[in-house]
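Take a look at the model below. This report covers a cavity, an aromatic pair and some paired strands.

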Amino acid sequence: ITNNVTNVIIRNSEIGPCKDANGNYREGVFSVDGSTNIVVRQNVIHDVNTGLSFYKSIHPIYIDHNNFYNIQGPFPQGKSVGFNLVTMGTSGSKIMCNLSDMQGMVYPTTRPWGVEDHISMWLSNGLFTNKTEIAYNRIRGGISKSGSAMQIADGGGGNVTAIA
């Protein structure tokens, strides 16, 4: 999703496997600079380095009822959902009712390394009056020695509500 795009809906699709010409895993969906009002709903996203990556995008972003598996990494990628410097906007973002299942992956000695964080909110502040909501997601498995299920204030983000 290129710079300053608005009103994007990605629904009922299979995304993956995603590799470049050299055989390296790539992002399933990558949104950049100023894109806003993005909906990613009811997709199967697999065999990517990161499922959904939002870099310098603007709230709201709605991610719901997606199924993620075989997230490959390597670090610093390796997220089912990654917000990176997502700020501002007109209403809060929501990451709800997704399944991120990495059960059964074995920690390899070479690349790819698998999921790092299932959900990461790197330097991504929700809105003061309308926080980013992360709720009702099912997260299972992972092989990273440094990752986690959710990083909700990673690097100094804030205004996020997380419900297990």
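How much space lies in the largest cavity? The answer is about 50 Å³. This is a predicted model, and it holds 1 cavity of 30 Å³ or more.

Which residues line the largest cavity? They are Phe-68, Ser-80, Val-81, Asn-98, Ser-100, His-118, Ile-119, Asn-137, Arg-138 and Ile-139. By class, 4 of the lining residues are nonpolar, 5 are polar and 1 is charged. Strands β9, β13 (117-122) and β15 (138-141) each supply at least two residues of this lining.

Next come the aromatic rings. Searching the whole structure gives 1 aromatic pair. Its partners are Phe-54 and Phe-83, arranged edge-to-face. The ring centres are 5.5 Å apart, with 70° between the planes. The pair links distant parts of the chain, 29 residues apart. Phe-54 belongs to strand β6 (residues 52-55), and Phe-83 belongs to strand β9 (residues 79-84).

Now turn to strand pairing. Strand β14 (residues 132-135) runs parallel to β11 (residues 94-96). Strand β14 also runs parallel to β17 (residues 160-163). The table gives the bridges and one opposite pair for each.

| Strands | Bridges | Residues opposite each other |
|---|---|---|
| β11 and β14 | 3 bridges | Met-96 and Ala-135 |
| β14 and β17 | 4 bridges | Ile-134 and Ala-162 |

Note on methods
Residues are numbered from 1 along each chain as its sequence is written. This is a predicted model: local features need pLDDT of at least 70, side-chain atom pairs count only at pLDDT 80 or more; totals for chains, interfaces and linings use all residues. Side-chain values use heavy atoms; hydrogens and water are left out. Two strands pair if DSSP finds at least two bridges between them. Rings of Phe, Tyr and Trp (its six-membered ring) pair if their centres lie within 6.5 Å; planes under 30 degrees apart count as stacked, over 60 as edge-to-face and the rest as tilted. On a 1 Å grid over the protein atoms alone, a cavity is a set of points where a 1.4 Å probe fits but cannot get out, and a pocket is an open set with protein on both sides within 12 Å along at least five of seven lines; lining residues have an atom within 4 Å of a point. Grid points are joined across faces, edges and corners, and a volume is the space filled by probe spheres set on the points. Ala, Val, Leu, Ile, Met, Phe, Trp, Tyr, Cys and Pro count as nonpolar, Asp, Glu, Lys and Arg as charged, and the others, Gly among them, as polar.
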